[in-house]
Amino acid sequence: TDTAALDELKQSVYESKAIKYEDRAKTYADKYNAAKAVVDAIKADNTWTTIDDKKAELASLKSSFDADYSSYAKTDDKGNITYDTDKLKEDGKLEEFNVRKKEIDALSDTVDKYDKAVKDMADSKDYVTIGADGKAVADPANAKLKAEVDSENATIKSNSDAAIKASASAI
């Protein structure tokens with residue numbers, strides 16, 4: 001019958017779009033492990049102390065940089081700070097400026113990467129099982145993961161059924 005064929009089509013479309021527990025579990029585990037690798041690599045650096053120390057160091061570097069180069073700073077029409085590199089060069093300060101700017105940018109990048117990685121780990125830790133080695137293992141049976149996937153799949157099913165019904169009505 002037409003109804004059975006339509007139901008079969010709806011199920012087929014849903015199954016092609018549905019999220020699988022295993023796929024989502026792997027996504028969370030991969031996200032956690034990638035973030036953990038970033039955190040571990042940063043912590044393995046022998047100059048690393050704590051994130052709070054690095055943030056304080058960054059604030060101090062920025063503060064002294066801003067004080068030392070404020071006379072060369074300009075704010076453009078978009079609110080971005082730019083520096084008069086011609087004047088810095090003329091005053092013999094361009095090389096030092098570039099070295100200090102590079103140091104600040106590198107430390108800022110490291111702090112940002114660390115913060116993002118810690119957030120990614122926190123966001124995904126409840127959806128995985130953490131092994132004895134500290135790495136995440138995909139857990140398709142995780143209750144929180146299953147609830148999330150089930151909710152998203154219900155929306156996918158509802159949306160695909162509605163689209164098929166609307167298309168069928170138009171025929």
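User: How many aromatic pairs does the structure hold?

Analyst: The model is predicted: local features need pLDDT of at least 70, side-chain atom pairs count only at pLDDT 80 or more, and totals for chains, interfaces and linings use all residues. Residues are numbered from 1 along each chain as its sequence is written, and side-chain values use heavy atoms, without hydrogens and water. Rings of Phe, Tyr and Trp (its six-membered ring) pair if their centres lie within 6.5 Å; planes under 30 degrees apart are stacked, over 60 edge-to-face, the rest tilted. The aromatic pairs number seven.

User: What kind of aromatic pair do Tyr-28 and Tyr-127 form?

Analyst: Their centres are 4.2 Å apart, with 5 degrees between the planes. Tyr-28 lies in helix H2 (residues 21–44), Tyr-127 in the loop between helix H5 (94–124) and strand S3 (128–130), 99 residues apart. Helices (H or I, at least four residues) and strands (E, at least two) are DSSP runs, numbered from the N terminus. The pair is stacked.

User: Is Tyr-127 buried or exposed?

Analyst: Buried means under 20% relative accessible area, exposed over 50%, partly exposed in between (1.4 Å probe, protein chains only). Tyr-127 has 12% relative accessibility, so Tyr-127 is buried.
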